Amino acid sequence: MKKSVFFGAMTVAGLAAGAAAAGTLDDVKARGKLNCGVTTGLTGFAAPDANGEWAGFDVSVCRAVAAAVLGDASAVEFVPTTGKTRFTALASGEIDVLARNTTWTFSRDVDLKFTFVGVNYYDGQGFMVPKELGVSSAKELDGATVCIQTGTTTELNLADFFRANNISYEPVPIETNAEAQQQYLAGACDVYTTDASGLAATRATFEDPTAHVVLPEIVSKEPLGPLVRHGDDEWGDVVRWSLNAMIAAEELGVSSANVADMSASAGNNPEINRLLGTEGNLGEMLGLSADWAKNIIASVGNYGEVFEANIGESTPIGLARGLNAQWTDGGLLYTPPFR
């Protein structure tokens, strides 16, 4: 999802500078647990089950970092955050990393003093309406009431789109996806707008998903990914390469099913050997064990496994890989070499 940056930018930046003074990697190791900021609940991306166990596409990033640093993908404290609270939670040090469908923008990177370590989902803002509304294009929404999460870039994109098309709307402010779903289904708004992936995830939870339509317009670029505080490059490297390890593993054909065998008998592919720690010293460079990436793949899976299990076409959310396919398959996923 998106976020606005004009609220308390100076305060957030000041908090970030102070929190980054200590090394987060050392803090996480000493604590024996990763504090990871996630959304308050978005099916397929981050949500607790009936037993309080968190799962989802973004949750897997948190678990990957815990597996890399602590050798235990379950050593995570999940901290739910809203569009308004997430940046303060990261800047203050309440969380070590934010993995919460957060869009990488100039101002968040530069002004709010955060470091986006990569993109785990390439997205764009869309619109969902009840089928009975009889609308087939967002350009037909003149005068509509629109549910929109506060503290997000969605607000700005929405205003830009309606202004550019010379149509009007009435915003219905909400803070969480659960509130948006409740208001939308109650008829408090004609339209719900957020990232297209979030719309698909929300629609999948409806009693009758077919009664709702995601309109064809995608009105923005939303590169979503995990972020850390400025000034702690060692920690940023750990989170960045934990994500890259999942992406590279898929490209190289390493999965949770075969990683044990592949690491037990080093093969002829030097990059796979370096990834799995059977040769070279990449783990040492990160301040981690040699098998840091192996631990990620064994316990969390490669990027493709994580995608298909949580949000892929075989799930109720039903997202195709699209832009999130490997570069070898025409997508945008591309990781620097492990060497």
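User: Two strands pair if DSSP finds at least two bridges between them. With that settled, which residue of β11 is the bridge partner of phenylalanine 127?
Analyst: Threonine 193 is the partner of phenylalanine 127 in β11. Keep in mind that this is a predicted model.

User: How many bridges join β8 to β11, and in which sense do they run?
Analyst: Four bridges join them, and the two strands run antiparallel. β8 spans residues 125-130, and β11 spans 191-195. Another position to look at is methionine 128, which stands opposite tyrosine 192 of β11.

User: What about β8 and β12?
Analyst: That pairing is antiparallel too, with three bridges between β8 and β12 (residues 212-214). Valine 129 has valine 213 of β12 as its bridge partner.

User: Is β8 mostly covered or mostly open?
Analyst: Mostly covered, with six of its six residues buried. On one side sit Gln125, Phe127 and Val129, and on the other Gly126, Met128 and Pro130. Both faces are covered.

User: And β11, buried or exposed?
Analyst: Buried. Five of the five residues of β11 are buried, so the rest of the structure largely encloses this strand.

User: What's the strand order in the sheet?
Analyst: The order is β10-β9-β11-β8-β12. These five strands form an open sheet with mixed pairing.

User: Which strand pairs with β11 in the parallel sense?
Analyst: β9, residues 144-149, pairs with β11 that way over two bridges. Valine 146 has valine 191 of β11 as its bridge partner.

User: Which helices pack on the sheet?
Analyst: Helix α7 (residues 177-185) is one of them, touching β8, β9, β10, β11 and β12. The direction of α7 makes about 135° with that of β10. Helix α8 (residues 196-204) also packs on the sheet and touches β8, β11 and β12. The direction of α8 makes about 125° with that of β11.

User: Switching topic. Which residues of α14 are buried?
Analyst: In α14 (residues 303-310), Tyr303, Gly304, Val306, Phe307 and Asn310 are buried. They cover an arc of only 165° around the axis, which puts them on the same side of α14.

User: What covers them?
Analyst: The cover includes α3 (57-70), β7 (121-123) and α9 (233-252).

User: What happens at the start of α14?
Analyst: A side-chain oxygen of asparagine 302 comes to within 3.0 Å of the backbone nitrogen of glycine 304.

User: Which residues have the most contacts inside the largest nonpolar core?
Analyst: Leu34, Trp235, Met246 and Trp292, in a core of 60 residues. α3 gives the most to this core, with ten residues.

User: What does methionine 246 contact, sequence neighbours aside?
Analyst: Beyond four places in sequence, methionine 246 is in contact with Ser60, Val61, Ala64, Ile296, Val300, Gly301, Asn302, Tyr303 and Val306.

User: Which residues does the second core include?
Analyst: That separate core has 14 residues, among them Val135, Ala144, Leu158 and Phe162.

Note on methods: Residues are numbered from 1 along each chain as its sequence is written. This is a predicted model: local features need pLDDT of at least 70, side-chain atom pairs count only at pLDDT 80 or more; totals for chains, interfaces and linings use all residues. Side-chain values use heavy atoms; hydrogens and water are left out. Buried means under 20% relative accessible area, exposed over 50%, partly exposed in between (1.4 Å probe, protein chains only). Contact means heavy atoms within 4.5 Å. Axes are lines fitted to C-alpha atoms, for helices over the stretch in contact, and angles run from 0 to 180 degrees between N-to-C directions. The arc is that of the directions from the helix axis to the C-beta atoms. A polar contact is a pair of N or O atoms within 3.5 Å; within protein, one must be able to donate a hydrogen and the other to accept it, and residues adjacent in sequence count only if both atoms are side-chain atoms. A nonpolar core is a set of buried Ala, Val, Leu, Ile, Met, Phe, Trp, Tyr and Cys residues joined through side-chain atoms within 4.5 Å.
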